[in-house]
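Take a walk through this structure, one piece at a time. Keep the 3D view open as you read.

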Number of protein chains: 2
Amino acid sequence: MDPEAVSKAFVEHYYSTFDTNRGGLGSLYQESSMLTFEGQKFQGSQNITGKLTSLPFQQCQHHISTVDFQPSGPVGGMLVFVSGNLQLSGEQHALKFSQMFHLMPTPQGSFYVLNDIFRLNYA
Amino acid sequence: MDPEAVSKAFVEHYYSTFDTNRGGLGSLYQESSMLTFEGQKFQGSQNITGKLTSLPFQQCQHHISTVDFQPSGPVGGMLVFVSGNLQLSGEQHALKFSQMFHLMPTPQGSFYVLNDIFRLNYA
């Protein structure tokens with residue numbers, strides 16, 4: 001599997017789901033998954049989805065600036081590092097963000113998100 | 001070992017070495033290590049150190065804003081996600097950056113950097 005294609009497809013899927021149907025992100029996480037969102041920690045698909053769906057804005061749009069990826073070691077994982085802009089509906093200025101994902105292979109030949117760290121850069 | 005203490009000690013060591021003796025960073029990387037610096041890829045301690053020591057500025061100072069960390073899975077690694085400002089000597093404005101490290105344990109009970117991804121955010 002081409003890591004560049006996987007990481008780009010993941011990024012496209014993740015943010016389009018985030019912007020149109022945030023609850024649908026839950027299937028990308030498992031019980032061992034971790035999210036650190038602006039320093040707050042959440043573990044497990046349910047807690048992570050709970051956080052993402054309760055963010056204090058209804059509509060948003062992610063615009064991706066850069067996507068970097070690297071294999072993460074002996075168990076076939078992949079690190080994906082994203083930077084971009086987050087436009088909240090009704091806000092004049094977009095917020096810069098960076099986010100990293102650690103994707104791990106599933107027995108079905110797909111990937112799930114083991115690690116997810118998100119930070120706004122307040123630009 | 002306390003992951004928070006490890007990640008904070010690593011971050012302090014990494015950036016103080018970067019700002020005072022960039023060539024000294026080589027010992028933190030191994031042959032399998034990868035650096036993606038503003039989209040450019042380097043593999044192995046020697047190539048990575050070569051890139052870091054040939055950056056087009058002599059003096060710089062990193063000011064760290066946030067440090068997040070998570071365990072990275074079954075082999076005892078740790079993900080460290082950093083945001084901050086990079087002040088180049090002679091420049092009026094600092095540059096925002098974000099950077100992620102994947103630290104892996106060594107047989108000696110220390111850590112080395114397997115993955116390193118760096119991006120400027122042009123704020």
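**A serine and its surroundings**

Start at Ser83(B). Leaving out residues up to four places away in sequence, Ser83(B) touches Asn121(A), Ile64(B), Ser65(B), Thr66(B), Phe97(B) and Ser98(B). One of these contacts, Asn121(A), belongs to chain A. Bear in mind that this is a predicted model.

Where does Ser83(B) sit? Its place is in strand 4 of chain B. Is Ser83(B) buried or exposed? Its relative accessibility is 6%, so Ser83(B) counts as buried; the cut-off for buried is under 20%. The side chain of Ser83(B) also makes a polar contact of 2.5 Å with the side chain of Thr66(B).

**The sheet of chain B**

Now step back to the sheet. Chain B has an open sheet of 6 strands in the order 2-1-6-5-4-3, and the pairing is mixed. Strand 2 (40-43) and strand 3 of chain B are the edge strands, each pairing on one side only. On average, neighbouring strands of this sheet are turned by 15 degrees against each other, direction ignored.

Look at the strand 2 end. Strand 1 and strand 2 of chain B pair in the antiparallel sense, over 4 bridges. Here Phe37(B) stands opposite Gln40(B) in strand 2 of chain B.

Helix 2 (residues 45-53) of chain B lies across strand 1 and strand 2 of chain B. Helix 2 of chain B runs at about 40 degrees to strand 1 of chain B.

Thr17(B) has its place in helix 1 (residues 3-20) of chain B. At 10% relative accessibility, Thr17(B) counts as buried. Apart from neighbours within four places in sequence, Thr17(B) is in contact with Arg22(B), Gly24(B) and Leu25(B).

**The sheet of chain A**

Turn to the other chain. In chain A, 6 strands form an open sheet in the order 2-1-6-5-4-3, with mixed pairing. Strand 2 (40-43) and strand 3 (60-71) of chain A stand at the edges. Each has a single partner strand, so one side of each is left without a neighbour in the sheet.

Helix 2 (residues 45-53) of chain A lies across strand 1 and strand 2 of chain A, at about 40 degrees to strand 1 of chain A.

Follow strand 4 of chain A. Strand 3 and strand 4 (residues 78-88) of chain A run antiparallel and are joined by 11 bridges. Gln70(A) has Leu79(A) as its bridge partner, and Pro71(A) stands opposite Met78(A). The hairpin of these two strands has 6 residues between them, and Gly73(A) takes a positive phi near 130 degrees.

On its other pairing, strand 4 of chain A meets strand 5 of chain A in the antiparallel sense over 9 bridges. Met78(A) has Leu103(A) as its bridge partner in strand 5 of chain A. This hairpin too has 6 residues between its strands, and Gly90(A) in the turn has a positive phi of about 85 degrees. Why is strand 4 of chain A largely enclosed by the rest of the structure? Because 9 of its 11 residues are buried.

**Where the chains meet**

Finally, bring the chains together. The contact takes 31 residues from chain B and 31 residues from chain A. The two chains bury about 2,400 Å² between them, 62% of it on carbon and sulfur atoms. Gln70(B), Phe81(B) and Arg119(B) supply 25% of the area that chain B buries against chain A, more than any other three residues.

There are 2 salt bridges between chain B and chain A. Asp68(A) forms a salt bridge with Arg119(B), with the closest N and O atoms 2.8 Å apart. Strand 5 of chain B gives the largest share of the side of chain B that touches chain A, 6 residues.

Technical notes:
Residues numbered from 1 in each chain as written. Chains lettered and ligands numbered in written order. Predicted model: local features only at pLDDT ≥ 70, side-chain atom pairs only at ≥ 80, totals over all residues. Heavy atoms only, no water. Pairing = 2+ DSSP bridges. Contact = heavy atoms within 4.5 Å. Axes fitted to C-alpha atoms, helices over the stretch in contact; angles between N-to-C directions. Buried < 20%, exposed > 50% of the residue type's maximum accessible area, 1.4 Å probe, protein only. Buried area = accessible area lost by both parts, 1.4 Å probe. Salt bridge = Lys/Arg side-chain N within 4 Å of Asp/Glu carboxyl O. Polar contact = N/O pair within 3.5 Å; in protein donor to acceptor, adjacent residues only side chain to side chain.
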